[in-house]
Amino acid sequence: MDIAKLSRISMKHLITLHVMLDTQSVTASAKRLCLSPSSVSKTLSQLRQSLDDELFYRHGNKLVATPLARRLGPNVHQIIHDMNLLITQEEFSAAEYEGRFSLAMRESTFELVAAKLLADVLQLAPHIKLDIHAKDSIGFEGIVKGSLDFILLPHDRSQPPISQPDLVWETLIGDEMVCLMNACHPLAEKRMISIDDYLNFSHVGISDSDLNRPFFELKLEQQARNRATPLSVADFGSAALMCHHSELLFTCSRHWAENALQAKGLVIKELPFDYGEVAYSLVWHKQSMNDPAHRWFYERLKVVTAELFNKKEI
């Protein structure tokens, strides 16, 4: 252990690195830290010298973190959390809390959950700051890097990524999968659709590079019963829009299909095969629950989700 080298790195340097990894901008970091851009640049220069790494380099008009900076992100995030616990021993008070949380979800999940959640949290913690991101714009790497606190999303329960052992997945509510179609679709009048009906039409899929392929697609493939998916989109709403204007079928969450405005007017059919288990899950970094504020926000997420879907708390 190089004590002399460690002594040259302070919390100021770690906090600056933490914020820079989140903002990727000296100006935005200076604003968040209530410092001048020159002060942030000076602190970064000191840290670069101590670590013998550029940490951030310019690519076009953007700053990009080096591999070392990205690798340090989760550890720096944890160090800051641990230090915060050491200096704030008093009991957590939501009414006085002035911190920030970042939450990512698909736009479809935002429609079902966000309004109730934000109203609940802001009423209990009026000074809190919330950043809501689209799941496809930040993903699970944001949690690993420490720039994102939680992700809430619907998914096939066979899909959690196996390459991120530090991520915790917790099911908030169970769900079912259904098939959506236009009210004028040739299958709309059928009481039950068969697997041949399902596969004889083309489908619109959901693209998500973070998740594995769904169980039902793998099972159909094993039976040599592949579905045609000429179109993939980022979210449920876009898929439903395509169903309104075509004969494409869309396989999705029943909760969303029955409650989302974009699904209104579409016909819901039971799926004619075993699709496995599906759910809405909350994802976070396992170290984050050391922070009382994170535990409080986590509990509010669970309570609000349970109330929205008329379930007992899990």
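Okay, let's start with a pair of strands: β3, residues 100-105, and β5, residues 150-156, run parallel to each other and are joined by three bridges. If you want a spot to look at, find M105, which sits opposite L152 in β5. Keep in mind that this is a predicted model.

Quick reminder: strands of a sheet pair through backbone hydrogen bonds, either parallel or antiparallel.

Now zoom out. That pair belongs to an open sheet of five strands, in the order β4-β3-β5-β12-β6, and the pairing is mixed. At the edges you'll find β4 (129-134) and β6 (167-175); each has a single partner strand, so one side of each has no neighbour in the sheet. From one strand to the next, the twist averages 25°.

What lies across β3, β4, β5, β6 and β12? That's helix α12, residues 292-308, running at about 15° to β6.

On to the other sheet. This one is open too, with three strands in the order β10-β7-β11, and the pairing is antiparallel. Here β10 (250-253) and β11 (267-270) are the edge strands, each with a single partner, so one side of each is left without a neighbour. The twist averages 40° from strand to strand. Strand β7, residues 177-181, is joined to β11 by four bridges, and V178 stands opposite E270 in β11. Helix α10, residues 236-244, lies across β7 and β10, at about 140° to β10.

Is H77 buried or exposed? The cut-off for buried is under 20% relative accessible area, and H77 has 12%, so H77 counts as buried. Leaving out residues up to four places away in sequence, H77 touches H18 and G146.

Methods. Residues numbered from 1 in each chain as written. Predicted model: local features only at pLDDT ≥ 70, side-chain atom pairs only at ≥ 80, totals over all residues. Heavy atoms only, no water. Pairing = 2+ DSSP bridges. Helix = DSSP H or I, 4+ residues; strand = E, 2+ residues; numbered from the N terminus. Axes fitted to C-alpha atoms, helices over the stretch in contact; angles between N-to-C directions. Contact = heavy atoms within 4.5 Å. Buried < 20%, exposed > 50% of the residue type's maximum accessible area, 1.4 Å probe, protein only.
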